[in-house]
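Me: I have a structure open and would like to learn how to read it. Could we start with burial and aromatic rings?

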Amino acid sequence: MGAGRARRIAVMPGDGIGREVIAEAVRVLSAVDRRYELGLEFEEGLVGGAAIDATGHPIPEQTLALCRRSEAILLGACGGPKWDALPRERRPEQALFTLRKTFGLYANLRPATVSSPLLTASPLRREVAEGTDLLIVRELTGGLYFGAQSRTGRGQETAAVDTLPYSAAEIRRVVRKACEIARGRPRHKVTSVDKANVLETSRLWREVATEVGRETPGVTLDHMLVDNCALQLVTNPRQFDVIVTDNMFGDILSDEAAGVIGSLGLMPSASLGEQPPGLFEPVHGTAPDIAGKGIANPLAAILTGALLLRYGLDHEPAAAAIEAAVHRALQDGCRTADLAGKGPALGTAAMADAVLARLH
Ligand code: IPM
Ligand code: MG
């Protein structure tokens, strides 16, 4: 690289298929780095079960320090049966919550696009799935995931409580982010999803979202109840552009959206705060049943690399180049086992090779 300051990327593969797919994502990012002279520098850190095994902690201070001096974090996945018995605060998933909170990553972007070569991967009828191109913006640092929890009593008398707190400020910033993103997309449309007919936090959510919608010129914002949204996602997904919703609803709806496009193996994500580093990870998790076999679909991780370039480094051409290469590989019939049906399937590395060969 030239004289420019190196842009450090914290690479944290984590557990299960995280290791396999992140290795391929880094290969693709390195190729794009050479082409566009981005000056990327990759440095590995321990996270999740891998970190627990090595240090006893799901996210050691050394890893957090690496993240602090990086421009973006590329994460594989955390967790697995080996660590399931651990108490809550010592489980691998805790690393995710620590990262989300430490770096204030309140907006989680999960795009779901049915690309033409993969129309048959969707379990929905062609005429329903075709043209789906939506983006879920999930609030990621509040709500049920971070509210007070408690347990009292014993035996049949045991009771448990989760709480769902949201402030207007927390709602405002994530809805603003969704509106900002919608302005950059062709349809300029935001659907705010809540349960305002039941929950007080949702009534506040709706009030604040309405205000933000009014303040954002050129964007139309409407509201939908979450149960109806779950239905609409599988009956008429094309109607959606940007969906913005709270932490729990967003968790559920984004898995459903992955179902609409046909595989979790295709879904990337970006988690953003007010400043870098953002966190970029495939949505699929560790998939312990196929880990270590070299058959996992690397496309979600590779597409996550594209989001890292777009939202983390603000380099649209490099991001678009990766997405175009993935599209070409799919168009040419390249498929991993999750998408191949009865046809021939490529392994993890071969699929990444297919993308690399089509990177122009
Ligand atoms: C996700 C995951 C996590 C979440 C789990 C692993 C804690 O499902 O990122 O969607 O619920 O946030
Ligand atoms: Mg989830």
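Reply: Tyr166 is buried, as is Trp205; buried means under 20% relative accessible area, exposed over 50%, and partly exposed in between (1.4 Å probe, protein chains only). This is a predicted model, where local features need pLDDT of at least 70, side-chain atom pairs count only at pLDDT 80 or more, and totals for chains, interfaces and linings use all residues. Residues are numbered from 1 along each chain as its sequence is written, chains are lettered from A and ligands numbered from 1 in the order in which they are written, and side-chain values use heavy atoms, with hydrogens and water left out.

Me: How many aromatic pairs are there, and what counts as one?

Reply: Rings of Phe, Tyr and Trp (its six-membered ring) pair if their centres lie within 6.5 Å; planes under 30 degrees apart are stacked, over 60 edge-to-face, and the rest tilted. Here that gives three aromatic pairs. In one of them, the ring centres of Phe97 and Phe146 are 6.1 Å apart with planes at 85°, so the pair is edge-to-face. Phe97 sits in helix H4 (residues 94-102), and Phe146 lies 49 residues away in the loop between strands S5 (133-139) and S6 (149-152). Helices (H or I, at least four residues) and strands (E, at least two) are DSSP runs, numbered from the N terminus.

Me: Which residues form one aromatic cluster?

Reply: The cluster consists of Phe97, Tyr145 and Phe146. Phe146 has 26% relative accessibility, so it counts as partly exposed.

Me: What geometry do Tyr166 and Trp205 have as a pair?

Reply: Tyr166 and Trp205 are edge-to-face, 5.6 Å centre to centre with 75° between the planes.
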